[in-house]
Amino acid sequence: MIIVPPAEQAGTAGKRGSQFSGDAFPYLTMSADGVTINTVSFTPGARTFWHSHESGQILQVLAGRGLIQADGEPIQVIRTGDVIWTPPGETHWHGAAPNSFLTHVAISLGTTAWAAAVPDAEYRDPTEQ
């Protein structure tokens, strides 16, 4: 068992680029034995790059409204209270809707493989078309 008190957690830092488009604030809660737990707050329109997880990912939406898309699938809306399972190796992205903040807990299993940014032209809210 590992207990990580708040004083030993990595903390919050604004992050732009490399893995996010827009302003995202990841708070690394812990990383152990191939499991990484982050709480991430996204400003409106901020999102991850395309990526996949070796052994899958669980997202729990804590607040706000966001968008998520698996490669080859339509964009879907996610809301407070939603829990999302992304299977191992499925390429996807997620983030805030254009007009909402979003905070979620991300539990990533295994290594994360990062790919390209989601172009603005492809990022759209399916309920506003």
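## A tour from the surface to the core

Start by selecting Ile 58, which counts as partly exposed because its relative accessibility is 31% (buried means under 20% relative accessible area, exposed over 50%, partly exposed in between, with a 1.4 Å probe and protein chains only). You are looking at a predicted model, where local features need pLDDT of at least 70, side-chain atom pairs count only at pLDDT 80 or more, and totals for chains, interfaces and linings use all residues. Residues are numbered from 1 along each chain as its sequence is written, and side-chain values use heavy atoms, leaving out hydrogens and water.

Ile 58 sits in strand 7, residues 57–70 (strands are DSSP runs of E, at least two residues, numbered from the N terminus).

Next, select Ser 100. Look for this residue in the loop between strand 10 (92–96) and strand 11 (102–109). Is Ser 100 buried or exposed? At 14% relative accessibility, Ser 100 counts as buried. Now show what Ser 100 touches: Thr 43, Pro 44, Gly 64 and Arg 65, leaving out residues up to four places away in sequence (contact means heavy atoms within 4.5 Å). For Arg 65, the backbone nitrogen lies 3.1 Å from a polar atom of the Ser 100 side chain.

Then move to the core. Select Phe 42, Ile 78, Ile 84 and Leu 102, the residues with the most contacts inside the largest nonpolar core, which has 13 residues (such a core is a set of buried Ala, Val, Leu, Ile, Met, Phe, Trp, Tyr and Cys residues joined through side-chain atoms within 4.5 Å). Strand 7 gives the most to this core, with three residues.

Finally, pick Ile 78: its contacts beyond four places in sequence include Val 61, Leu 67, Ile 84 and Leu 102.

Conventions. Helices (H or I, at least four residues) and strands (E, at least two) are DSSP runs, numbered from the N terminus. A polar contact is a pair of N or O atoms within 3.5 Å; within protein, one must be able to donate a hydrogen and the other to accept it, and residues adjacent in sequence count only if both atoms are side-chain atoms.
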